[in-house]
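Hi there,

Here is the structure I promised to pass on, with my notes below it.

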Amino acid sequence: MTDFDFPVFDPARFLRHGVGGHGGAIGCTYHAHGDDWLELALPYDPRLIGDPDSAVLASGPIITLMDMATSLSVWLKLGRFRPHATLDLRIDYLRGAIPGKTVIGRGECYRLTRSIAFVRGQAHDGDPDDPIAHVAGTFMSTEVRA
């Protein structure tokens, strides 16, 4: 049995060897989860700075963090792995991340249809009441939900 066909999707188990792909390359790690939400952490890394004068993380790593967190929240809501693709992900930046701080990305799947998952989330650097960004998006699957 692999992590992909385990009876109930468990993100801690799925990510026990780390995050793969682009998310792994920038340092994303598992942080916490619930029934339909997941948090990933993005530790501060000077390689990810967008503007050297400000030392603030670039927007790309935060987009990656939020895309992954919201994507994994879909699997949590489904209770299993199901291939899907990001159809739309809107991100509204409220402020820059504080240099030196870890960014936490929380994604939540709040609605599922036969082929579309609706997600939302936020990124913060220590205080969820002072977010860096909000996201809203959709994921699409060609596999019909059972």
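A question to start with: is arginine 106 buried, partly exposed or exposed? Its relative accessible area is 32%, so arginine 106 counts as partly exposed. Before I go further, please keep in mind that this is a predicted model.

**The sheet**

Six of them make an open sheet, and reading across it gives the order β1-β2-β6-β7-β8-β5, with antiparallel pairing. The edge positions belong to β1 (29-33) and β5 (85-93); each has a single partner strand, so one side of each is left without a neighbour in the sheet. From one strand to the next, the twist averages 20°.

At the β1 end, β1 and β2 form a hairpin with three residues between them. These two strands run antiparallel and are joined by four bridges.

Strand β2 is mostly covered, as five of its six residues are buried.

Helix α3 (residues 59-78) lies across β1, β2, β5, β6, β7 (116-124) and β8 (133-140). Relative to β6, helix α3 runs at about 40°.

**Charged pairs**

Side chains of opposite charge can pair when their charged atoms come close. In this model the count comes to seven salt bridges, and I will pick out a few.

Back to arginine 106: which residue does its side chain meet in a salt bridge? The partner is glutamate 39, at 3.2 Å from N to O. This pair links distant parts of the chain, with arginine 106 in strand β6 and glutamate 39 in strand β2, 67 residues apart. Glutamate 39 has a relative accessible area of 11%, so it is buried, while arginine 106, at 32%, is partly exposed.

Another salt bridge brings together the side chains of arginine 47 and aspartate 45, at 2.8 Å from N to O. Arginine 47 counts as exposed at 62% relative accessibility, whereas aspartate 45 counts as buried at 16%.

A further one is formed by the side chains of aspartate 92 and arginine 90, at 2.9 Å from N to O. Aspartate 92 is partly exposed, with a relative accessible area of 31%, and arginine 90 is exposed, with 52%. Elsewhere, salt bridges that share partners join Arg95, Asp125 and Asp130 into one network.

**Aspartate 125**

Aspartate 125 is found in the loop between β7 and β8. Why does aspartate 125 count as buried? Its relative accessibility is 5%, and buried means under 20%.

Leaving aside residues up to four places away in sequence, aspartate 125 touches Arg95, Ala97, Ile98, Lys101, Thr102, Val103 and Ile132. As for alanine 97, its C-alpha atom is separated from that of aspartate 125 by 6.4 Å, although the two residues are 28 residues apart along the chain.

**Aromatic rings**

Last, the rings. A pair of aromatic rings is described by the distance of the centres and the angle of the planes. The count here comes to two aromatic pairs. One of them is formed by tyrosine 110 and phenylalanine 118: the centres are 6.4 Å apart and the planes are at 45°, which makes the pair tilted. Tyrosine 110 counts as partly exposed at 37% relative accessibility, and phenylalanine 118 is partly exposed too, with a relative accessible area of 28%.

Enjoy exploring it, and write back with any questions.

Best wishes

Conventions
Residues are numbered from 1 along each chain as its sequence is written. This is a predicted model: local features need pLDDT of at least 70, side-chain atom pairs count only at pLDDT 80 or more; totals for chains, interfaces and linings use all residues. Side-chain values use heavy atoms; hydrogens and water are left out. Two strands pair if DSSP finds at least two bridges between them. Axes are lines fitted to C-alpha atoms, for helices over the stretch in contact, and angles run from 0 to 180 degrees between N-to-C directions. Contact means heavy atoms within 4.5 Å. Buried means under 20% relative accessible area, exposed over 50%, partly exposed in between (1.4 Å probe, protein chains only). A salt bridge is a side-chain nitrogen of Lys or Arg within 4 Å of a carboxyl oxygen of Asp or Glu. Rings of Phe, Tyr and Trp (its six-membered ring) pair if their centres lie within 6.5 Å; planes under 30 degrees apart count as stacked, over 60 as edge-to-face and the rest as tilted.
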